[in-house]
Amino acid sequence: MTPREVRLNDLEHVSGPARASTILAAVARDIHFWVPLIVLVVGLVVLRWVS
Amino acid sequence: MGELAPVRQTAESAGPQAARIHSLQRLGVLCGVAAGAWLGAAEVPAKLVSAGLSPFLISFLMVLGVFLGRWCLPALARGTSDIRADVSKAPHLIIWAIVAGCLWSVANTLTVFAIRDLGLSIAFPLWNTNALIGILWGVLFFGELKKAGRARWTAVLGGAALMFIGGLILARVSASQVSSQVATRGIVAALGAGLLWGTMYIPYRKAYLSGMNPLSFVSFFTIGELGMMTVLAARYLGGLPELWRQVSAASSVQFWLLAAGFVWVIGDIFQQYAVKYVGVSRGIPLSNSNQLWGLLWGAVAFGEFRNWPHSAISGAVYGSILMALGMAAISFSVADKAEHDKWREAADREQTKYDIDPRFISSAMEGTAFHQSPRKRWPDVLLVGIATAFFLWTATRAHWPAMSLQWPAVYALLAIGLILLTAAAVSLWRMTHFN
């Protein structure tokens, strides 16, 4: 199975790298994930400015 | 999608009864109130420390205390076996937890800069705008307040507005003159912290809609926290050797900052349960009552009111009353069945998106245990032992700060905090066994 074919529920049957890439791919497809990530970058820019 | 339909039906049919929903929401409100008291008390140990330390060093030492607290308290309450079992059901939440931890660290460091430039009393209400950001994300992404009815919308938004206005009044009463350039920098830092902390509730809510236990979530959250804080401190203090040198040089204050982090963890764990059981839009305004508690500690325990004019004391009282009214309005607007069904829909979307076991989600929403893992005692004892030894070691090197305290007020506030802690912890145990 390629990582994208693996369901998150079946991860116990998958080895390390495939497991990690399956989880990462699932998270990256979630549009909600990009909101905190963008805000984190904004926060780092603000921190650089105030420090 | 088609194959998931029967599964979703099963999850719905096993859904919580209305009475159980109501009880869990009352529990969430109690946790939110306890969170406010303990998050407010977290300022006390930090306040004992004299000025002159780098904001990055202060933040780093607090996060170290948070890290120790976030591993030993969950190990005590549920055990590492349950944490491992939880994560195996929703492994993607490790990434979400780490991102949330990074957001927390950057926000916490920004607050140290904001306090430095504006003072605690002005900076506090500015970063408490996180409640408004949290409400926005809760409504947009998780169906909170949908089908809630006009009365509940009014109570939650009106309550949040009252708390915000009360916060602004509290800020004004002790405001001192600061130069406009410094003020601008401080305001940007405080608002930036509010944005980051408000957005941090996206991962929180996602985790609890997905069935994750709050105690498991915070264990991974803190890896992001400590990792990001170490990178920031090393980057801005001039490298890891310089960070280590400054940490060693601050041996007399390490304990107080670690203790501040630990007390903060107690408040945050209650905040996590509040978010789980009443959602972001109610849980965060409730736990933002920490500003009120911070003011109480400052006014009555540290005697900050002694030299204040009568008008300033009146302002503080009015601001506090407004915050208390806002808190009461939100506390009495618990979600009904129709709104809870919208939460259930949001949980179903997470179940479909990440292919999570629907029974895992249902049991979490009902506040019951999904799995009973055989508990291995030795890792839990080891974790708690290491954390305790570290705290004791720093305590032996700590100096009692040269500061006069109003001890009767300290005892009274400690007693109230302990009563709230006991009430929330016992209720959580009785109703959910910390699930």
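Reply: Among the contacts in chain B between residues at least 6 apart in sequence, 92% join residues at least 24 apart. Two residues are in contact if their C-beta atoms, placed from the backbone, lie within 7 Å. The model is predicted, and local features need pLDDT of at least 70, side-chain atom pairs count only at pLDDT 80 or more, and totals for chains, interfaces and linings use all residues. Residues are numbered from 1 along each chain as its sequence is written, while chains are lettered from A and ligands numbered from 1 in the order in which they are written.

Chain B has 20 helices and zero strands. Helices (H or I, at least four residues) and strands (E, at least two) are DSSP runs, numbered from the N terminus. Of the 435 residues of chain B, 55% count as buried. A residue is buried if 20 or more other C-beta atoms lie within 10 Å of its own, exposed if 12 or fewer, and partly exposed in between, with C-beta atoms placed from the backbone.

The part to look at is helix α13 of chain B, residues 251-278. Its 28 residues reach 41 Å from the first C-alpha to the last, close to the 40 Å expected at 1.5 Å a residue. The expected span is 1.5 Å times one less than the number of residues. In α13(B), 26 of the 28 residues are buried, so the helix is largely enclosed by the rest of the structure. Just after α13(B), B:Gly279 takes a positive phi of about 85 degrees.

What does the largest nonpolar core contain, and which residues touch the most other members? The core has 145 residues, and B:Cys31, B:Trp38, B:Leu103, B:Leu110 and B:Ala114 touch the most other members. The helix α13(B) gives the most to this core, with 19 residues. A nonpolar core is a set of buried Ala, Val, Leu, Ile, Met, Phe, Trp, Tyr and Cys residues joined through C-beta atoms within 7 Å.

In chain B, α11 (residues 214-237) and α12 (residues 240-249) meet at an angle of about 95 degrees, with their axes 7 Å apart. That makes α11(B) roughly perpendicular to α12(B). Their contact is made by B:Ala233, B:Ala234 and B:Leu237 of α11(B), and by B:Leu240, B:Glu242, B:Leu243 and B:Gln246 of α12(B). These residues divide into five nonpolar, one polar and one charged. Axes are lines fitted to C-alpha atoms, for helices over the stretch in contact, and angles run from 0 to 180 degrees between N-to-C directions. Angles under 35 degrees count as roughly parallel, over 145 as roughly antiparallel, 65 to 115 as roughly perpendicular and the rest as oblique. Ala, Val, Leu, Ile, Met, Phe, Trp, Tyr, Cys and Pro count as nonpolar, Asp, Glu, Lys and Arg as charged, and the others, Gly among them, as polar.

Further along chain B, B:Asp355 has a positive phi of about 55 degrees although it is not a glycine. B:Asp355 lies in the loop between α17 (337-354) and α18 (358-365) of chain B. With 17 C-beta neighbours inside 10 Å, B:Asp355 counts as partly exposed.
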